[in-house]
Amino acid sequence: MISPISNYNGKTLSFGSDKKEEKNVSYTRDTLLKNNFVTRTRIGLDKLTKAFTLYPAKGLAGNKNSNFYEFLTMGNVPYIIGSLTLMSVFNSANKHFSPFSRVNAAKIGNKMALGVILYGVFKSVSKSFVNLPVKWLTGIDTELPYAKVNYLLQENPEDYNNLTSIEYHKVGESVDFPRWDQLYGNPQKGESVNWRYDKIAQKNGLGQNLNDSDQEVKPIYKEVLVKSNLAKSFSSFLWAATGVALAFQKPWEDYFKVATFKFWKGKEFLHSLKIFGESFVKSAYELINGDKKSLSKLERHSGKILAGTALASTVIGVINTVHLTKKPNKQNPKKVISPKKESVVC
């Protein structure tokens, strides 16, 4: 990685970002970020905005600084457009139906729209069902983000400054090559170099005041990354399917009658949120217990089986993740080397 250049006053000169992208870069080097709701929201909005605006423009123009990260980020575009198309399949044609058919079509269309939304929400949120207990039990945050500073190629002769772009990655994004450097402390801030590794080592029973806690922790860290990724891959899709099933329960029809997104109409909007919460709870109850009047025995238990499978996959995934096999062998050397046998001391 190219290091930032310092000017004659000793101040850091970042190469900044592409003029079309960010003129005021808040990072001069790769920076570890906090994994909280605010950071995740800011990263999500930044990537979503650029996926619809900057990155397509750079790609279509044949910009030599376009890269694979931008290509992957643009994958959100067809996903969102496809979701909106699916949501409008029934609803956009309702006006052409007779009044009676319009009501029936609206019920299906609204549930399809809600199903698309809950699919995305459950799939995203369910990753925390694995990450949070794993972090609590092992001290390893598998979703820890960092900002990566990319130094760009010069596009015009006058471009001699502000040629950087910011990418958002995760420390454990690559299982083979995690960003170990981002986990080391900064002595200039009064931090111990290995303080994060020390915490993880202590959390996993490796002891305290280790000489090289980072070397002890790295095999464990990789094992947790591999197992948690497997757990999230299975459980997230099962939770997403549960979200779709939840959206098709009958109690949601009460919410659709009063649903409004006009937040400036305070009372109506708050009443809509109240009914949403009530409908969510009733729908979850109906999904688990089923409607005994109109459903067969198998249909009544199908929702319970789906939700139970999603929950079981999460629990099993967490148990498998925290069951570590890569811990260093702490066996006493005296038990390994027999004093009765010949040995050579170097």
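Angles under 35 degrees count as roughly parallel, those over 145 as roughly antiparallel, those from 65 to 115 as roughly perpendicular, and the rest as oblique. Such angles run from 0 to 180 degrees between N-to-C directions, and the axes are lines fitted to C-alpha atoms, for helices over the stretch in contact. The model is predicted: local features need pLDDT of at least 70, side-chain atom pairs count only at pLDDT 80 or more, and totals for chains, interfaces and linings use all residues. Residues are numbered from 1 along each chain as its sequence is written, and side-chain values use heavy atoms, with hydrogens and water left out.

**First stop: two helices**

Select helix α7 (residues 213-247) and helix α9 (residues 266-289). Helices (H or I, at least four residues) and strands (E, at least two) are DSSP runs, numbered from the N terminus. Two packed helices are described by the angle between their axes and by the distance between the axes. Here the axes come within 9 Å and cross at roughly 105°, and α7 and α9 are therefore roughly perpendicular to each other.

Now display the side chains where they meet, contact being heavy atoms within 4.5 Å. Thr242, Ala245 and Leu246 of α7 meet Phe280, Ser283, Ala284 and Leu287 of α9. By class, this contact has five nonpolar, two polar and no charged residues. In this classification Ala, Val, Leu, Ile, Met, Phe, Trp, Tyr, Cys and Pro are nonpolar, Asp, Glu, Lys and Arg are charged, and the others, Gly among them, are polar.

**Second stop: within α7**

Select Ser228, which is found in α7. Is Ser228 buried or exposed? Buried means under 20% relative accessible area, exposed over 50%, and partly exposed in between (1.4 Å probe, protein chains only). Ser228 is buried, because its relative accessible area is 1%. Residues up to four places away in sequence aside, Ser228 touches Val130, Thr142 and Thr321.

With neighbours within four places in sequence left aside, Val224 is in contact with Val134, Ile140, Thr142, Thr321 and Leu324.

**Third stop: the nonpolar cores**

A nonpolar core is a set of buried Ala, Val, Leu, Ile, Met, Phe, Trp, Tyr and Cys residues joined through side-chain atoms within 4.5 Å. The largest has 20 residues, of which Ile140, Val171, Leu183, Val217, Ile220, Tyr221 and Val224 touch the most other members. The elements giving two or more residues to this core are α5, α6 (195-203) and α7. The most comes from α7, with six residues. A second, separate core of 12 residues includes Phe122, Trp239, Tyr255 and Leu287.

**Fourth stop: salt bridges**

A salt bridge is a side-chain nitrogen of Lys or Arg within 4 Å of a carboxyl oxygen of Asp or Glu. By this rule the count comes to nine salt bridges.

- Select Lys50 and Asp46: their closest N and O atoms are 3.5 Å apart. Both lie in helix α1 (residues 37-52), four residues apart, about one turn of the helix, and both are buried.
- Select Glu70 and Lys58: the closest N and O atoms of this salt bridge are 2.9 Å apart. The pair links distant parts of the chain, with Glu70 in helix α3 (residues 68-73) and Lys58 in helix α2 (residues 54-60), 12 residues apart.
- Select Asp30, Arg179 and Asp181: a network of salt bridges links these residues.
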